[in-house]
Amino acid sequence: PDPGTLASVLTEGVKNTIGDSRVKVTYEPEYVPAVPPAMPDIPPEQLAGMIKATVKVEVLDGNIAYLKIQHIIGEEMAQKVGPLLLEYIWDKVLPTSAMILDFRSAVSGELSGIPYIVSYYTDSEPLIHIDSVYDRPSDITTELWSMPTLLGKRYGTSKPLMILTSKNTLGVAEDVAYCLKNLKRATIVGENTAGGTVKIDKIKVGDTDFYVSVPVAKSINPITGKSWEIDGVAPHVEVPAEDALETAVAIIQL
């Protein structure tokens, strides 16, 4: 008699059958399919202000850069507000001797932002194949490569880079962490990540108000031949998420 309870029972059944915690059955009579937002036609300064609200930047004692990122912007947005981001964020942290990227509350992002972030911590040459993403509906595999040119200077490959993770770190942020981990460019500190996916579709079940959320794309790392999805990204140094920043600073100081 209760559709919500039925959805929960179906979800548990599906998880136990296929072992994939990302697949969910929901009952949503008011659901309206999300339309990807078009690039807002607002001044770059205002866009940069919105992005600054999702990025915390400071230089800690010991000349350590700290960047807390909640959403990884895509290529289109980066090109539009890039110069302002350089001024507000990147130029402040570039001269530091080590960097901490805090992904503990990063739960959203754009796939096209992955090469941008990874490239700032790698060399311009040779180009590196960092990820392959197979999209099931289109049957197309997209290869993500490091970028030969970037706005601003690269942070380089020699200065320590720490990435903080939690059990809530989800999706594109997991991909970035996994790429930099397997390039042996970053030390991951914190908790095993959520094990999400780069893309989920919500499919209506017949003529009902039930929906099934299903991953429709798969990330395959060219170094490991595996994916971070479902299992998540395992940290090098496992500590509770609330202790990750203090631990990362201690590692850098050592």
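Colleague: Why is Thr141 called partly exposed?

Modeller: This is a predicted model, by the way. Thr141 has a relative accessibility of 48%. Buried means under 20% and exposed means over 50%, so Thr141 falls in between and counts as partly exposed.

Colleague: Where is Thr141 found, and what does Thr141 touch?

Modeller: Thr141 is in strand β8. Leaving out residues up to four places away in sequence, Thr141 touches Ser132, Val133 and Tyr134. The C-alpha atom of Ile223, 82 residues away along the chain, is separated from that of Thr141 by 16 Å.

Colleague: What makes β8 an edge strand?

Modeller: Look at the open sheet of 3 strands, with the order β8-β7-β13 and antiparallel pairing. β8 (140-145) and β13 (217-220) each have a single partner strand, so one side of each is left without a neighbour in the sheet. On average, neighbouring strands here are turned by 20° against each other, direction ignored.

Colleague: How do you know that β7 pairs with β8 and with β13?

Modeller: Pairing takes at least two bridges. β7 and β8 are joined by 6 bridges, and 4 bridges join β7 (residues 129-135) to β13, so both count as pairs. For examples, His129 has Trp145 in β8 as its bridge partner, and Ser132 has Ile220 in β13.

Colleague: Which residue takes a positive phi in the hairpin of β7 and β8?

Modeller: That's Asp139, with a phi near 55°. The hairpin has 4 residues between the strands.

Colleague: On to the rings. What makes the pair of Tyr27 and Phe210 tilted?

Modeller: There are 6 aromatic pairs by the rule used here. The ring centres of Tyr27 and Phe210 are 5.1 Å apart, and the cut-off is within 6.5 Å, so they pair. Their planes stand at 55°; under 30 degrees would be stacked and over 60 edge-to-face, so the pair is tilted.

Colleague: Which parts of the chain does that pair tie together?

Modeller: Tyr27 is in strand β1 (residues 24-27) and Phe210 is in strand β12, so the pair ties together parts 183 residues apart in sequence.

Colleague: Why is Phe210 called buried and Tyr27 partly exposed?

Modeller: Phe210 has 16% relative accessibility, and buried means under 20%, so Phe210 counts as buried. Tyr27 comes out at 33%, between the 20% and 50% limits, so Tyr27 is partly exposed.

Colleague: And what makes Trp90 and Tyr121 edge-to-face?

Modeller: Their planes are at 80°, and over 60 degrees counts as edge-to-face, so that's the label they get. Their ring centres are 6.2 Å apart. Trp90 sits in helix α3 and Tyr121 in the loop between α4 (113-119) and β7, 31 residues apart. Ring pairs link Trp90, Tyr120, Tyr121 and Tyr155 into a cluster.

Colleague: Last one. What makes Ala234 partly exposed?

Modeller: Its relative accessible area is 34%, between 20% and 50%, so Ala234 is partly exposed. Ala234 is in the loop between β13 and β14 (237-238). Beyond four places in sequence, Ala234 is in contact with Lys181, Ile188 and Asn192.

Notes:
Residues are numbered from 1 along each chain as its sequence is written. This is a predicted model: local features need pLDDT of at least 70, side-chain atom pairs count only at pLDDT 80 or more; totals for chains, interfaces and linings use all residues. Side-chain values use heavy atoms; hydrogens and water are left out. Helices (H or I, at least four residues) and strands (E, at least two) are DSSP runs, numbered from the N terminus. Axes are lines fitted to C-alpha atoms, for helices over the stretch in contact, and angles run from 0 to 180 degrees between N-to-C directions. Buried means under 20% relative accessible area, exposed over 50%, partly exposed in between (1.4 Å probe, protein chains only). Contact means heavy atoms within 4.5 Å.
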